[in-house]
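Thanks for making the time this morning. I would like to walk you through one structure, taking its charged pairs to begin with and then turning to a pair of helices.

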Amino acid sequence: METYAKHNTAMIKPRLARMTMDLIRGKDVETARGILENTNTKASRLIIKVLNSAVANAVNNFGANESDLVISKCFINPGPIYKRIQFASRGNVDRHDKRTSHIVVYVTDNKEETK
């Protein structure tokens, strides 16, 4: 049984968040939480919230055991880009892109779902 959680339009650049996401890919939930809690980045604070939500979905909706859960897939896709301007010298205008991310975490307990 596989469940997931996602955070759409997180205000972080995808390239910065992917570096932190690579640390937890394929790990069990307790190890991933330990890594994220000891990594001092904005991405780790956002990813741990999505991870906790995915674990809660698995436990509450499907009755999974939290100690059996493993991160099966996790990825960060680019979201919408907010285009802002800043006035520059000699009457010019510079564009500053504020990039956003979609954070997705899948957890599984490697057991088949029974109906």
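**Charged pairs and a helix contact**

Let me begin with aspartate 22, which is partly exposed, its relative accessible area being 47%. Please keep in mind throughout that what you see is a predicted model. Aspartate 22 forms a salt bridge with arginine 25, and the closest N and O atoms of the two are 2.6 Å apart; arginine 25 also counts as partly exposed, at 39% relative accessibility.

In total the structure holds 6 salt bridges, and another of them joins the side chains of aspartate 68 and lysine 111, at 3.7 Å from N to O. Aspartate 68 sits in the loop between helix 3 and strand 2, while lysine 111 belongs to the segment after strand 3, so this pair ties together parts that lie 43 residues apart in sequence. Arginine 99 and aspartate 97 form a salt bridge as well, with their closest N and O atoms 4.0 Å apart, and there is also a network in which salt bridges with shared partners join Glu30, Arg33 and Glu66.

Now to the helices: how do helix 2 and helix 3 cross? Their axes come within 9 Å and cross at roughly 160°, and because angles over 145 degrees count as roughly antiparallel, helix 2 is roughly antiparallel to helix 3. The crossing is left-handed. On the helix 2 side the contact includes Val29, Ala32 and Leu36, and these residues with their neighbours meet a set in helix 3 that includes Ile47, Ile48 and Leu51. The residues of this contact divide into 7 nonpolar, 2 polar and 2 charged.

Definitions and conventions. Residues numbered from 1 in each chain as written. Predicted model: local features only at pLDDT ≥ 70, side-chain atom pairs only at ≥ 80, totals over all residues. Heavy atoms only, no water. Axes fitted to C-alpha atoms, helices over the stretch in contact; angles between N-to-C directions. Helix = DSSP H or I, 4+ residues; strand = E, 2+ residues; numbered from the N terminus. Parallel < 35°, antiparallel > 145°, perpendicular 65-115°, else oblique. Left-handed = near helix turned anticlockwise from the far one by under 90°. Contact = heavy atoms within 4.5 Å. Nonpolar A, V, L, I, M, F, W, Y, C, P; charged D, E, K, R; others polar. Buried < 20%, exposed > 50% of the residue type's maximum accessible area, 1.4 Å probe, protein only.
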